[in-house]
Amino acid sequence: MNLFQQLHHDRAQFLTRRHFLRNSSMSLGGLWFATQGHAAPLHKDPANPLLPDLAHFAPKAKRVIYLHMAGAPSQLELFDHKPELSKLDGKECPKEFIEGKQFAFIQGVPKMLGSQFPFHQAGQSGQWISDRMPHFEQMIDDVCFIKSMWTDQFNHGPAQLLLHTGSQIPGSPSAGAWSTYGLGSENANLPGFIVLTSGGKNPDAGKSVWGAGYLPSVYQGVQCRSQGEPVLYLSNPDGVSQALRRRTLDALNNLNQRVSTEVGDPETVTRIAQYEMAFRMQIHASDAFDLKNEPESIHQLYGTKPGQESFANNCLLARRLAERGVRYIQLFDWGWDSHGTDPGTDLKQGFVSKCNEIDKPIGALLKDLKQRGLLDETLVIWSGEFGRTPMRENRGGVEMPFVGRDHHTGAFTLWMAGGGVKRGFSYGETDPVGYTASINKVSAHDFHATMLTLLGYDHKKLTYPFQGLEQRLSNVTKPSRVVKEVIA
């Protein structure tokens with residue numbers, strides 16, 4: 001191929017049908033959209049995609065802090081008090097609980113397993129709680145429990161995706177991305193959606209649980225670190241000054257602007273905005289993530305140790321980010337898969353250690369937000385991706401030396417605090433042994449609809465056009481409802 005043929009080939013590739021239609025007076029896409037009766041997407045300025053947008057109605061919460069315990073902690077050891085289950089401890093599981101049912105590891109006939117820890121009623125609200133969370137218990141009158149959550153996914157990855165994106169299949173935007181798409185950001189110097197992890201691993205579903213899916217990539221979560229630089233490669237390389245970095249960015253932005261003008265791809269403009277954000281973050285992110293500026297009393301309250309990666313550090317960072325206008329702050333803590341295969345997954349050992357790691361920081365976060373006047377406008381959410389069985393896991397049909405529970409789709413507990421939810425309230429119930437959500441069942445889609453309502457958005461109108469549908473977080477093909485009973 002000679003030079004003339006190469007140029008002709010490149011021009012033919014550039015002048016695609018999409019490029020032609022974009023330059024037409026009215027594209028076919030515009031004609032199609034004009035005939036639809038669906039809600040229009042939000043009007044976003046590609047150059048300023050994180051500018052706050054008008055809500056559909058007055059919001060009760062301005063931001064979200066989501067605490068996800070990756071691996072799924074046992075609700076039967078924490079919040080779902082089942083004295084009838086304790087009476088059945090050690091007895092063979094009834095046939096109706098296992099016949100025709102699918103479990104991750106249980107085989108044959110397992111034995112029933114009562115709670116490994118004592119329960120009691122706490123606070124003025126008298127809500128039931130085990131002895132594993134004494135610091136969190138001090139804030140229990142500010143908490144709204146949903147004890148009737150359920151899912152249809154019994155493996156970690158798909159269950160995490162369903163809970164955080166509304167679909168068990170990768171590719172859909174996360175709840176954090178949807179929230180940031182609607183709310184924008186109050187701080188032009190930090191991302192609208194920040195993710196912090198602890199426990200040594202990312203969740204099983206990977207970064208899809210904070211991805212943007214088919215939304216513009218500016219709305220995806222930015223994973224930051226509580227140890228070292230907040231974001232890798234954020235600082236300038238050796239020998240590169242801030243002035244040189246500025247000139248380099250200006251040149252790169254000019255190139256991107258030319259491409260945007262010629263091709264019209266909104267992702268190009270988004271890229272410019274992200275480069276500029278990274279430049280500003282060099283100063284502002286370092287300040288936001290510097291825990292050394294906190295007084296000693298706060299470090300004692302949370303149990304933090306600056307310079308180390310920990311759930312406690314992440315909780316304090318969440319408060320600092322909330323103060324600085326970050327809209328959605330997602331904490332993932334790995335290590336809650338209590339199968340009982342070894343000491344680390346034993347309910348009497350590893351589970352106890354994990355509770356000790358999160359109890360003080362969570363109690364501190366709620367107390368700190370409240371004393372600073374931030375809790376009323378911050379929706380704090382805690383959950384795993386599914387529940388645990390009321391039967392003891394018997395991997396291979398054999399009782400194991402350590403005590404654990406298998407994955408369970410039928411019931412799990414999620415709690416919320418602040419952000420317009422009822423205080424000291426419990427919604428939904430499971431059956432007497434905690435096997436199934438039996439009263440006021442709540443699905444992931446119901447939860448998403450409720451969360452968006454608290455943020456000021458009609459979940460059926462917060463949409464984005466993709467593959468011929470006005471897609472939404474609360475799902476377009478499955479029923480979803482706002483759980484109005486939990487809203488204050």
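Start by selecting Glu84 together with Pro432 and Val433: Glu84 touches both, residues up to four places away in sequence being left out. Contact here means heavy atoms within 4.5 Å. The model is predicted: local features need pLDDT of at least 70 and side-chain atom pairs count only at pLDDT 80 or more, while totals for chains, interfaces and linings use all residues. Residues are numbered from 1 along each chain as its sequence is written, and side-chain values use heavy atoms, with hydrogens and water left out.

**Stop 1: Glu84**

Stay on Glu84 and show helix 4, residues 83-87, where Glu84 sits. Helices (H or I, at least four residues) and strands (E, at least two) are DSSP runs, numbered from the N terminus. Glu84 is partly exposed, at a relative accessible area of 37%. The cut-offs are under 20% for buried and over 50% for exposed, with partly exposed in between (1.4 Å probe, protein chains only). Then draw a distance from Glu84 to Asp431. They are 347 residues apart along the chain, yet their C-alpha atoms are separated by 9.7 Å.

**Stop 2: Leu113**

Move to the loop between helix 4 and strand 2 (119-122), and pick Leu113 there. Is Leu113 buried or exposed? Leu113 counts as buried, at 5% relative accessibility. Display its contacts beyond four places in sequence: Leu85, Asp89, Leu347, Pro390, Met391, Arg392, Val403, Gly404 and Arg405. Val433 from the opening view returns here: Leu113 and Val433 lie 9.6 Å apart, C-alpha to C-alpha, across 320 residues of sequence.

**Stop 3: helix 11**

Select residues 311-323. These 13 residues form helix 11, which reaches 19 Å from first C-alpha to last, close to the 18 Å expected at 1.5 Å a residue. The expected span is 1.5 Å times one less than the number of residues. Colour by burial: 12 of the 13 residues are buried, so helix 11 is largely enclosed by the rest of the structure. Among the buried ones are Phe311, Asn313, Arg319 and Arg320. Step on to Gly325, which follows helix 11 and has a positive phi, near 90°.

**Stop 4: helices 6 and 13**

Show residues 156-165 (helix 6) and 444-454 (helix 13). They pack at about 30°, with axes 8 Å apart. Helix 6 is thus roughly parallel to helix 13; angles under 35 degrees count as roughly parallel, over 145 as roughly antiparallel, 65 to 115 as roughly perpendicular and the rest as oblique. Axes are lines fitted to C-alpha atoms, for helices over the stretch in contact, and angles run from 0 to 180 degrees between N-to-C directions. Show side chains for Leu162, Leu163, His164 and Thr165 of helix 6, and for Ala444, His445, Phe447 and His448 of helix 13: these make the contact.

**Stop 5: Ser474**

Finish after strand 16 (469-471), at Ser474. Ser474 is buried, with a relative accessible area of 0%. Which side chains join that of Ser474 in polar contacts? His459 does, at 2.6 Å, and Arg472 does, at 3.1 Å. Beyond its four-place neighbours, Ser474 is in contact with His445, His448, Ala449, His459 and Ser480.

**Zoom out**

The chain has 13 helices and 16 strands. Of its 488 residues, 52% are buried.

Technical notes
A polar contact is a pair of N or O atoms within 3.5 Å; within protein, one must be able to donate a hydrogen and the other to accept it, and residues adjacent in sequence count only if both atoms are side-chain atoms.
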